[in-house]
Amino acid sequence: MSPTRKLVLAISGVAAVAMLIASIALLVWVLQPRPAPTDTGAAAGRRDATTAPVASTNNPDSARPAAAKAGPRVTLRLGQGFRFADGAKLGGTDENCDVAFRYQPPRAGGLGMQYNTSSREFEPKFQSTLDAPFPLLVAAHAKEFESPPDVSKVTTGDVAAFPQQAALYSKARYAVLQTRTGEHYLLTLGEIEAGPRKLEDWRVGFDYERLTLPLGAAGGRVNQPLPGRLVFRDWYRTKMVVRVDLTTGAEDAVADGVVPSVGGDGLLGLFDSAGSYVVRDPAGKVARTTRFDERLWHAALSPDGTRLLATVSRAGPPVPIGFVAVAGPSVTGLAA
């Protein structure tokens, strides 16, 4: 065997031994127990990137600071409305929405005539000039605030004195509003996207929470609680006969009807949806039902619940016209 061949075989043997040692070391490293990985370094960076809020100029909700109060969050486009009962987004002109995102178009200011809903007269009023469209939140009653309002000093009368819109200027960060059903909410506004052009890109985001305000007049004057209950037909909200506890303000629906009247011992009389007169006992059970042949108005139940005083409209005396007689004009009277 030549010296060169002997040298090659020696080098191959050394390489084989080295590879065997490296394989054994790798196997020992794999089988060795190691502590669980921690959220540091790149892994922690990946976790933060997936969970931390990302600011965006197109989404006012995502631009909120991380310390913002958790709760329901809503983003509305210009022209959209929102209903708090089920969280539905509706058209801004839909009568079922509680609040809508709209805008005031540009206008030339000066002295003009404006209708006063209280006096029901047109009155002169000075209006400022508006050079660009202005964002608004429209509700039954709404008002904007720069700092968190002290809701402990706000009464239902205060909210009733609010106008129908909250102006969303640059410092507006809160709004208190009343829905059409008489509920009250505090809105925490996010960043408002409302430039002078491209109205389709306007956005407003807000969190909201339900408020329970004391009954009272404007100026934070709380009403003194009264004993007893008030029964009336709600024509505006529930369209039901409702009963309100004057001490607590708690309200419950009694029945579907009109012209409620209270008698003695907690009796309640009303006309149901079929036109029959129904008398209910204090527990709400139907005591008697009576059907009348004519229309009754402004009915009042007697204290013992056995008689009814009402206004009726009946045909007047016949009026002769030529050789025939026709029914005269109706006459309104009382019937018991």
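K153 is exposed, its relative accessible area being 62%, where exposed stands for over 50%, buried for under 20% and partly exposed for what lies in between, computed with a 1.4 Å probe on protein chains only. The structure is a predicted model, in which local features need pLDDT of at least 70 and side-chain atom pairs count only at pLDDT 80 or more, while totals for chains, interfaces and linings use all residues. Residues are numbered from 1 along each chain as its sequence is written, and side-chain values rest on heavy atoms, with hydrogens and water left out.

Side chains of opposite charge can pair when their charged atoms come close. K153 forms such a pair, a salt bridge with D150, in which the closest N and O atoms are 4.0 Å apart; the term requires a side-chain nitrogen of Lys or Arg within 4 Å of a carboxyl oxygen of Asp or Glu.

Another of them joins R73 to D207, with 3.2 Å between the closest N and O atoms. This pair links distant parts of the chain, since R73 belongs to strand β1 (residues 73-77) and D207 to strand β12 (residues 203-211), 134 residues apart; strands are DSSP runs of E with at least two residues, numbered from the N terminus. R73 is partly exposed at 41% relative accessibility, whereas D207 is buried at 2%.

A further salt bridge connects R243 with D252, whose closest N and O atoms are 3.1 Å apart. Here R243 is partly exposed, with a relative accessible area of 22%, and D252 is partly exposed at 32%.

Notes
Helices (H or I, at least four residues) and strands (E, at least two) are DSSP runs, numbered from the N terminus.
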